[in-house]
Amino acid sequence: MNYFKQTKLSVCFWAVAVSAAGQGIPEQLRCEHLDRPLGIDNASPRLSWIMNDSRQGAVQKACRILVGTDSTDVVRGKGDMWDSRKTVSGDMLFSYRGTLLLPFTKYYWNVHIWDQYDRETTSEVTSFETGMMEIIQWQGAWISDQHDIHYKPAPYFRKTFTVKRKIKHARAYISAGGLYELYLNGKKAGNHRLDPVFTRFDRRNLYVTYDVTRHLQQGGNAIGVLLGNGWYNHQSIATWNFDRAPWRARPTFCLDLRITYTDGSTEVISTGPDWKTSGGSLVFNSIYTGEHYDARLEQRGWNTALFDDAKWEKVTLRAAPSQNIVSQQMYPIRNVEKIAAVNFKKLNDTTYLYDFGRNIAGVCELRMAGKAGTRIRLKHAEKIDAAGRADQSNIDVYYYPPDHTDPFQTDIYILSGKGEDVFMPKFNYKGFRYVEVTSPIALKRDQLTACFMHSDVPAVGFLQTSHPLIGKIWQATNNAYLSNLMGYPTDCPQREKNGWTGDGHLAIETALYNFDALTVYEKWLADHRDEQQPNGVLPDIIPTGGWGYGIHNGVDWTSTIAIIPWEIYLFYGDNKLLADCYENIKRYVDYITLNSPSGLTSWARGDWVPVKSKSSLELTSSCYYYADALILAKTAGIFEVQEDYDRYMALAEKIKNAINHKYLNKETGIYAAGTQTELSVPLMWGIVPDELKEKVAQNLAKSVKKENFHPDVGVLGCKAILNALSENGQAETAYLLATQKTFPSWGWWIANGATTLYENWDINATHDISLNHIMFGEIGAWFYKGLAGIHPDETAPGFANIKLKPQFVNGLHDFSATFQSVRGTIESKWKQEKNLTYYTVVIPANATADLYLPPKVRPAKATVNDEPVRLKIDAAGCYPLQAGSYKIELTAN
């Protein structure tokens, strides 16, 4: 079989005609990239929308934003807070520029737009609601119980109050050092898990806002709060020293319950010395290991008004963990999916194994009844041993327990003896596929259910293909990504749960092509700013209790500070994160420059977990140094800081020249020793001189072919290799590399039962063998780029203009990618039948595209709306397309 066979093609275009009825409506209105958010702290919140219009060439010519305190007025075209007036602009993202927003206030807004025919359409009215806005608005005190960091039982808190007037609405604002669950009159507020999300507690604390109107009642009411340790009071000992974090203390919280009555008055119920506290049934909790729950100790009704709390104790007042308490504005962690066991086996009289068929992050829900005091153990693992028992040997290696009372990834539940008990951990999650349950009581399959937990980010990318392996790799990549998204991106959900910076930026494009994850990354980059030292240095893991400021926390890992804000800008057209991080990126690049006068650096971790090759540390790390400097220069250009633009563009050129001078053999087109990583990383980051790109790419393709189309790369090479090939004339090689089924490959994992991505190409490795890692996950983005050809355009970010470069590779019958961009739905799909290829592309309203067809393709004829038209091709071989739905027929000459 000739893998590199090239076919001459000709092209026939036609377009789908659509009705103009109901077109041009602004939809999907968002504030701070969220739908109707509560607790907004930003004084100039971002307002955005899309234009729903499938007509060919649909364009927004102008817009008008109205913001007001009365929804009826906004409907009538009046905004007492802000009326932007008709603004000639195609932008669909604006920052609020009206009258000063007040705290605790609901604002209504809509948008009017004018299309290419100057016809006006208006959106429905939506809203956002401000929160504290400033720390001085808090009325509550920070409270805790009287125990120290070593005390294991979790503290419960309660307060009663009376409502005598008719309630209009009520909001609860709560922040905690640690984790919490909030209850009103016995009902949990919201469906979030693990709030507040992990931050550097001594530098920034998050608060969450809840609409609790329906939870309150006339007469007696009760507030209940249960606190968990989380990362605030880490009682389990592992490599990363969170037990010695500078913020460590007994969990604490602050709450304001703000009730607005129909007569216009307001009452605030706050935490203070009049609250009471007690222990209870949650006798131990660790975010890292598990929970121990003794149902015999339950104080039923503890969070209701009629409960007798005479034996409860006084609370202790505490200082706030930090003086920076801000709103948690992001998609929350939830139990997103419940999963039934696909296999259930009794191993012996007291041991049962549940197989949920998928590797996930989350917890289990257990339902069972039995004698009071009966002890149940739930041991979670990713794999089983030869005897069919849960095997944790690949994930417990960094855990150093002082005794056997806190087993790794194991929950312990003691039955109440009062009918059916229901247990689900509140302040913990695990990475697992299998659960081994030890119980003296016989169990059935349906008594244990797995709950897939992660930040509940909406899916925005979808693939369909005739190649089943591609679908399985894509699903495994997404499962691994979501398993490692808990308010910040992590490396693995079991062994570490750390926010490794390298894993974060290596997977950023996979994240953004598949999920609307901006809010998570804005939070995580705030963590970066909290952790950055004055000299610019960042740690390997973020957040951290101090671990990670070593000798390897260099540019190939901590370039997150530049790469992620840049990718957010490309995908969303939103430069706020770049603006927030601009000075931090400068300090970071300046630190590297201070220590790298030659333009080369070895401050890095290197190409982690390669198959067998060893690549130059200085080469790959200097490539990331170049990327950081170039991003900084481009960002300076965006913000019109000419001095910085000139300085850092010159620095980027110096770094590129230093790399090429030392490592590039211009005669052979080989970098360093010519490993796949050493060839692909300079190609992907644009370091290779234009006249040598083809030669270097050919050498990379030869290296891949020599390995029988298998990768020999670590994480840096894995990020680069598919892109380096497909973007430099070697798409066929990239496709063959991506779809191998034998070792080493993504398909080899799938062939061996993987439902997530692994940490090591070698499934029999003795170390670095987590079975749920995202660091090899770039392939999840490459499907959109390398096959569908969907790329952002940095000159028109947010997919205002789309770079379309589809690759119709041999051996793939059909492929379809749909991406819900901030401009609307982009679709790129194709089907190959004998000598014909049918290509369909959808460009959303108010966007354009530059279509680059594969080499040796020319249009034979074209029609738009059934009318013949001559398509124009520019000097770069690009076919400019307006918004609309196109079908392209490719025929072989």
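Me: Which residues does Asn 728 touch, if residues up to four places away in sequence are not counted?

Reply: Contact means heavy atoms within 4.5 Å. Asn 728 touches Leu 683, Lys 693, Ala 697 and Asn 723, with residues up to four places away in sequence not counted. This is a predicted model, in which local features need pLDDT of at least 70 and side-chain atom pairs count only at pLDDT 80 or more, while totals for chains, interfaces and linings use all residues. Residues are numbered from 1 along each chain as its sequence is written, and side-chain values use heavy atoms, with hydrogens and water left out.

Me: Where does Asn 728 lie, and is Asn 728 buried or exposed?

Reply: Helices (H or I, at least four residues) and strands (E, at least two) are DSSP runs, numbered from the N terminus. Asn 728 lies in the loop between helix H13 (715-726) and helix H14 (731-738). Buried means under 20% relative accessible area, exposed over 50%, and partly exposed in between (1.4 Å probe, protein chains only). Asn 728 has a relative accessible area of 18%, so Asn 728 is buried. Asn 728 and Val 696 are 32 residues apart in sequence, and their C-alpha atoms are 9.1 Å apart in space.

Me: With which side chain does the side chain of Glu 522 make a polar contact?

Reply: A polar contact is a pair of N or O atoms within 3.5 Å; within protein, one must be able to donate a hydrogen and the other to accept it, and residues adjacent in sequence count only if both atoms are side-chain atoms. The side chain of Glu 522 makes such a contact with the side chain of Arg 46, at 2.7 Å. Glu 522 is found in helix H5 (residues 518-531) and counts as buried because its relative accessibility is 17%.

Me: What does the side chain of Arg 158 reach?

Reply: The side chain of Arg 158 reaches the backbone oxygen of Trp 302 at 2.5 Å. Arg 158 has its place in strand S12 (residues 156-163), and at 1% relative accessibility Arg 158 counts as buried.

Me: In what order do the three strands of the open sheet stand?

Reply: Two strands pair if DSSP finds at least two bridges between them. The order in this open sheet is S2-S3-S7, with antiparallel pairing. Strand S2 (25-31) and strand S7 (93-95) are the edge strands, each pairing on one side only. Five bridges join S2 and strand S3 (residues 46-52) in the antiparallel sense; Pro 26 stands opposite Met 51 in S3.

Me: Which way do the residues of strand S10 point?

Reply: In a regular strand the side chains alternate between the two faces of the sheet. In strand S10 (residues 126-129), Thr 126 and Phe 128 point one way, Ser 127 and Glu 129 the other, and all are buried. S10 runs antiparallel to strand S8 (residues 106-114), joined by four bridges. Glu 129 in S10 is the bridge partner of Lys 106.

Me: How many aromatic pairs are there, and why is the pair of Tyr 354 and Phe 356 stacked?

Reply: Rings of Phe, Tyr and Trp (its six-membered ring) pair if their centres lie within 6.5 Å; planes under 30 degrees apart count as stacked, over 60 as edge-to-face and the rest as tilted. The count comes to 54 aromatic pairs. The ring centres of Tyr 354 and Phe 356 are 6.3 Å apart and their planes stand at 15 degrees, so this pair is stacked. Tyr 354 and Phe 356 are both buried. Elsewhere, Phe 198, Phe 201, Trp 231, Tyr 232, Phe 242, Trp 247 and Tyr 488 form one aromatic cluster.
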